[in-house]
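Open the model in your viewer and keep the sequence panel beside it. This tour goes from one selection to the next and says what is there.

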Amino acid sequence: MTAVTTCRRAAATLAAAALVGCASGGGGGGGGGSSPPSPPPPPPPPAQNFDTAEYRFNTSLGEINAIAAYNQGLTGDGVTVAVIDHGLDQSHIDLNANIAPGGVDLIATRPGGASLFNPDSSHGTSVAGIIAAEKNNFGPHGVAFEAHILGIRIEDPTTCGGPLGCDEQDSDRAAAIDYAVAHGATVINISLGNAPGDTTIDPVLVQAMRNAVANDVLIVLAAGNNSAGDPNAFALQALDAQVLGGALIVGAVDSNGAMFGFSDRAGVARDVYLVAPSRVRVLQINDAISSGFGNGTSFAAPHVAGAAALLRELFPNLTAIEVADILLESARDLGAAGVDNVFGWGLLDIAAAIQPIGPVSAGVRAGGGVRMVEIAGGVLAAGAFGDAFSGLGDADRVTFFDRYDRGFRLRLSDRVTTAAPAPMSIERFIRQDVGEIGYSATLAGGGRFYFGHRDPGVTIPEAARAPFEEELAGERETPRARFDTRLGDGVEMSAAVGFSSDALIHSGPAERRARALFVADDLLGGTYGFVADRDVASAAVSRRLPGGGRVSLAASGGDYDIAVPFDDVRAVDASYASFTASYATRLKGADVGLEAALLVERDSVLGAASTGAFRLGDGARTALFSLEAGRALSPDMEIFGRASLGVTALDEAAGSLVRADDALTSSAFNLSLVRYGVFRDGDAVGLGVSQPLRVEAGTLGFEFATLADPADGDFGFQTLRVPASPDGRELDLELSYRTSVIGRLTLEGNLIHRRDPGHLAAADDEFAAILRLRTGGVRN
């Protein structure tokens with residue numbers, strides 16, 4: 001990094017540091033002064049069509065992506081740009097409404113009297129038109145078509161008549177710069193240079209440039225048309241230590257981004273140099289417009305001056321040094337990668353200049369002040385949240401700040417992604433009871449031990465296994481183990497790896513559900529909708545009570561990865577632990593169960609993952625209460641039902657915008673009915689409906705700092721409250737049939753209809769049909 005670039009970086013760093021301290025911040029270096037953070041711009045006006053014939057009159061506006069600024073309502077209004085040149089036609093039909101008062105001819109001894117209008121040259125009129133020609137359906141319009149042009153004429157009549165036309169005295173250039181500063185210009189365009197070989201610069205001119213930068217005025221200079229490796233001598237004064245950072249040098253490129261042969265290159269000024277189009281049709285004096293195309297760095301520079309006017313309109317708190325830095329940082333790279341000796345930083349790009357640059361930060365409450373946190377990461381809404389965050393489109397009120405302390409109204413929805421619903425997993429279904437090799441042994445004292453690993457290649461024929469090769473690829477390496485024993489006095493204990501705690505508890509209602517023929521749960525996921533059994537370690541102990549009931553205690557835990565698709569995509573290494581107490585008994589002919597569970601998550605909330613400044617929390621604690629019941633309605637019919645209610649509290653994460661306004665409540669249920677002997681002895685028909693865990697109520701608050709007083713950088717706070725419940729509600733409907741074929745060979749068929757998969761109202765419904773042969777009878 002060069003010394004010049006380091007100097008400019010330091011200015012931005014100082015500004016960011018000041019913002020963290022909630023005091024005035026801003027530019028450093030070059031006497032540019034300081035500025036408080038820029039407030040976010042107001043919402044753009046109603047949409048208009050800016051892609052008009054007037055906009056397309058010159059292709060240069062499209063080449064620098066100017067329309068992006070117009071779509072945000074920018075016009076240059078309120079910004080005065082001084083054009084120091086050879087006079088201009090202030091009464092031109094495409095300029096007169098944008099001429100600022102105070103335009104002047106500084107040469108009092110001009111023959112015929114001083115006059116801003118120059119009947120012999122259209123150069124200044126052309127330059128002014130590129131900056132601020134009016135949007136009036138006549139000819140072209142300028143880059144900043146409502147900016148105000150302060151014309152200052154300075155060519156020396158005693159130098160006219162030669163092959164290069166008129167020249168200017170350095171003392172007059174200096175006086176013009178001083179005049180522009182004194183009359184309110186915040187941008188100065190000077191499309192004038194030195195004659196070839198003239199390298200002498202009067203110190204009074206350099207001092208005037210220093211004073212302009214010290215007074216927060218940006219100077220834009222044409223590089224020169226001498227085909228040289230470095231800009232002309234006048235432009236090179238931008239490298240003066242006290243001007244550095246507050247002046248830009250502009251070269252000329254064609255419509256393909258190729259450097260024009262006449263344009264002086266970046267050379268030693270590469271760090272303050274960028275390029276812009278120069279092949280344009282321009283305004284001429286007496287209401288005329290050129291029928292051909294003009295070329296020259298004189299016409300490239302005003303594109304940059306107009307862009308600076310748009311930036312100063314959008315962010316009036318930016319210093320001139322910051323405006324210059326932003327125009328360079330946002331330039332489109334051309335030529336050799338990075339800043340080079342030909343194109344410098346590259347091609348002016350207004351669309352990029354009005355977007356955030358560098359790390360983007362938001363203010364969060366920290367004690368009695370504000371802490372700036374980098375906006376990285378986001379929220380992957382999943383599981384029980386469904387499409388809860390899909391209505392965030394109106395959240396453009398959220399204020400973020402970029403590296404230059406510019407406030408932006410960005411949509412929070414850009415940092416929230418709703419995960420696609422988990423598909424019905426054929427792989428998960430297949431590995432329930434096919435392709436597993438297991439070893440079991442009965443131990444002395446009545447205990448039983450099981451160890452197995454899944455090897456689908458053993459029992460699934462190659463032709464049947466091929467469609468699922470990718471899903472089944474890792475199953476050889478997935479061991480499962482389980483130990484069950486009786487401790488006496490009706491007490492049973494189990495411990496397992498690869499089995500959920502539900503699988504270890506044999507309550508009456510759960511056993512009835514196990515006979516219900518349904519496979520939707522196996523296709524759709526684990527106990528809580530986001531936990532896979534194979535990553536689980538579980539333990540349970542239960543005791544039969546004298547009255548016939550059973551009480552059980554269980555615990556399980558595991559790790560799982562969630563890929564969060566923001567910034568550098570990475571997987572969140574989440575984990576969970578659950579603790580369950582349940583009671584099951586038989587009551588008036590029905591099997592009834594009550595269950596209370598505590599689910600503790602780390603780095604996820606009901607399966608939703610989040611990172612960076614958008615962390616929903618470091619984790620969450622969910623209390624789940626369930627009631628289940630099953631009974632035989634007749635000798636040939638059984639019914640089973642389970643309903644769960646959850647209450648979730650978030651563990652707030654430091655440095656996050658998210659605040660939990662209240663606890664989240666959630667629900668889940670399933671209901672199934674099985675009839676035996678419907679078409680033949682030994683068959684069974686089942687009908688079931690279920691809803692996975694879904695957030696039903698609660699809100700999340702996204703709290704962020706806003707500028708209460710842009711003048712001094714004081715902050716206030718704003719909270720955007722977002723309902724955490726989704727619009728969609730997944731319902732899984734299943735019809736199943738099972739019948740014995742030969743001996744213990746059983747034919748099974750299942751039809752599944754999944755409405756609003758993943759609780760996403762906009763998701764297409766899913767259907768699945770499964771037919772399989774397996775061993776085992778209809779009843780367990």
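**Strands in antiparallel pairs**

Start with strands β19 and β20 (residues 536–544): they pair antiparallel, over seven bridges. Strands here are DSSP runs of E with at least two residues, and helices are runs of H or I with at least four, both numbered from the N terminus. Two strands pair if DSSP finds at least two bridges between them. Pick alanine 496 and look across to β20: serine 538 is its bridge partner.

A word on the source before moving on. This is a predicted model, in which local features need pLDDT of at least 70, side-chain atom pairs count only at pLDDT 80 or more, and totals for chains, interfaces and linings use all residues. Residues are numbered from 1 along each chain as its sequence is written, and side-chain values use heavy atoms, with hydrogens and water left out.

Select alanine 481; its bridge partner in β19 is valine 497. Then go to the turn. β18 and β19 form a hairpin with two residues between them. Aspartate 489 sits in that turn, with a positive phi of about 55°.

**A three-stranded open sheet**

Next, select β15, β12 and β24. These three strands form an open sheet in the order β15-β12-β24, with mixed pairing. The edges are β15 (416–418) and β24 (609–610), each pairing on one side only. Zoom in on β12 (residues 379–381). It runs antiparallel to β24, joined by two bridges. Which residue of β24 stands opposite valine 379? Serine 610 does.

Switch to side chains. A salt bridge here is a side-chain nitrogen of Lys or Arg within 4 Å of a carboxyl oxygen of Asp or Glu. The count by this rule is 29.

Select glutamate 155 and arginine 110. They form a salt bridge, with the closest N and O atoms 3.2 Å apart. Glutamate 155 lies in the loop between β3 (148–153) and α6 (170–182), and arginine 110 in the loop between β2 (104–105) and α5 (123–132), so the pair ties together parts that are 45 residues apart in sequence. Are these two residues buried or exposed? Both are buried. Buried means under 20% relative accessible area, exposed over 50%, and partly exposed in between, with a 1.4 Å probe and protein chains only.

Arginine 153 is buried, as is glutamate 155. Now include Asp105: a network of salt bridges links Asp105, Arg110, Arg153 and Glu155.

Move to arginine 312 and aspartate 216. Their salt bridge has its closest N and O atoms 3.0 Å apart. Arginine 312 is in helix α8 (residues 297–314), aspartate 216 in the loop between α7 (203–214) and β5 (218–222), and the pair links these distant parts of the chain, 96 residues apart. Arginine 312 counts as buried at 8% relative accessibility. Aspartate 216 is partly exposed, at 23%.

**Last stop: the disulfide**

Select cysteine 160 and cysteine 166. A disulfide is a pair of cysteine sulfur atoms within 2.5 Å, and the count by this rule is one. The two sulfur atoms are 1.8 Å apart. The link is right-handed, with 115° about the S-S bond. Cysteine 160 is partly exposed, with a relative accessible area of 34%. Cysteine 166 is also partly exposed, at 24%.
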